[in-house]
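Open the structure and follow along.

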Amino acid sequence: MFENLSDRLGGVFDRLTKQGALSEEDVAAAMREVRVALLEADVSLPVARSFVKSVTAKATGSAVTKSITPGQQVVKIVHDELIKVLQGEGEPDALRIDNPPAPILMVGLQGSGKTTTTAKLAKRLKDREKKRVLLASLDTNRPAAMEQLAILGQQIGVDTLPIVPGENAVQIAKRAKQQATLGGYDVYMLDTAGRLHIDEVLMDEVQAVRDVANPRETLLVVDGLTGQDAVNVATEFDGKVGISGVVLTRMDGDGRGGAALSMRAVTGKPIRFVGLGEKMDALEAFDAQRVAGRILGMGDIVALVEKAQEVLEVEQAERMMKRFQKGLFNMNDLKGQLEQMMKMGGMQSIMGMMPGMGKMAKQAEAAGFDDKAIKRQIALINSMTKKERANPDLLQASRKKRIAAGAGMEVSELNKLLKMQKQMADTMKKLGKMGKGGMLKQAMR
Ligand code: GDP
């Protein structure tokens, strides 16, 4: 997600950070480009405008332009401003699902991914929060949709309310509530009917269901690929039924990402989750820090660490995080990372998450960089002595020759590996220094 926006902004900031002193004109020129990039990503005009205005105001103060690294400071200001736009003031509270059985109303247009998201969220609540969840489909017009939810429920091991032909949506909602209470469920989720467009009949039905269920959360599912339309749909649903949060689906596609950036500012409602694929675990909690990092191409350490945690022992992952936090990243760390990549599969996806490697992932793809290449890199590291691995700065010409020969490779290949390690160590240092709000700290939580 956000590839295009990320590429565009990357270009602007590359130029900015290469310059020494910055004039107000430099900042203004960069901000014009940022504005165009945002609009091209389908961010709504008022949001793009106010974003640029706010960054410009903060970036043109003498504290920034006279500082030693004005370019980097501007990037940091943009980063912070992105977080603000993405999440508003302060982070949203956790989903309100205490007081069992807590009703969650799922609303949205047909085809937005509502049923899939309902099942994904149920699985998440079951797996991560150990909640007992009951699912009910209220889509009486489309028996296939009811069937779909039942099948998904079976697949993820979550109960669904038995289908009783002839009942209307309100009757089903009442029965779900009853069954959830009697059955001792923690949460029951109502998957309402969708339409192709917003219409009165649909809204009336959703309102009637809302009134009997009295939901703790009303989550709107919208297709993230539809950009500003997604934001318009959210505004309409919020006006008619009142929503408590938004789930953006299809964020795995190379959509323009504008919906994510406009949503909070325009609707005032938090994005809660993003859908990242068709599989049942392709749902991520929305994290503004992480998304801002992705947009700015700073990689996604948090996602990387999370993913690594699934594979690594927790203890090992924590040790790794502590080192990263101190800005330490030697050849042993790199080897660990490379081995993880092999285990986690999907070279491209992993590289995309690493700091500063977003662009490299694309180059790597073009250069046919694959698992075989990773094995070669690991071989190079294995050919180093313990001391050399811990301190790659030791590697002068003669050592390089010996290592490359030991692994049966050219010194040029070793140089590439060293460059990669250095680049990652530098980024780790920067991120480690970002302090309290930094991404690494975030990841440690
Ligand atoms: P509904 O009509 O709103 O209930 O939509 P469905 O849940 O039936 O989803 C429609 C299609 O979108 C299905 O093929 C889903 O697998 C797919 N889908 C849902 N969420 C995502 C997502 O986050 N990413 C991708 N790539 N596909 C999704």
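Strand E1 (residues 102–108) pairs with E5 in the parallel sense, over five bridges. Strands pair here if DSSP finds at least two bridges between them. Strands (E, at least two residues) and helices (H or I, at least four) are DSSP runs, numbered from the N terminus. This is a predicted model: local features need pLDDT of at least 70, side-chain atom pairs count only at pLDDT 80 or more, and totals for chains, interfaces and linings use all residues. Residues are numbered from 1 along each chain as its sequence is written.

Look at Gly108. Its bridge partner in E5 is Val221. Val221 also stands opposite Val247 in E6. E5 and strand E6 (residues 245–249) run parallel, joined by five bridges.

How many residues of strand E5 (residues 217–223) are buried? Six of its seven are. A buried residue has 20 or more other C-beta atoms, placed from the backbone, within 10 Å of its own. Of the protein's 445 residues, 43% count as buried.

Now turn to the ligand. Of the 17 residues around the ligand, Gly113, Lys114, Thr115, Thr116 and Gly275 come nearest. A residue belongs here if its C-beta atom, placed from the backbone, lies within 6 Å of the molecule. Helix H6 (residues 114–129) gives the largest share of this shell, three residues.

Finally, step back. The protein's secondary structure comes to 22 helices and eight strands.

Key. A residue is buried if 20 or more other C-beta atoms lie within 10 Å of its own, exposed if 12 or fewer, and partly exposed in between; C-beta atoms are placed from the backbone.
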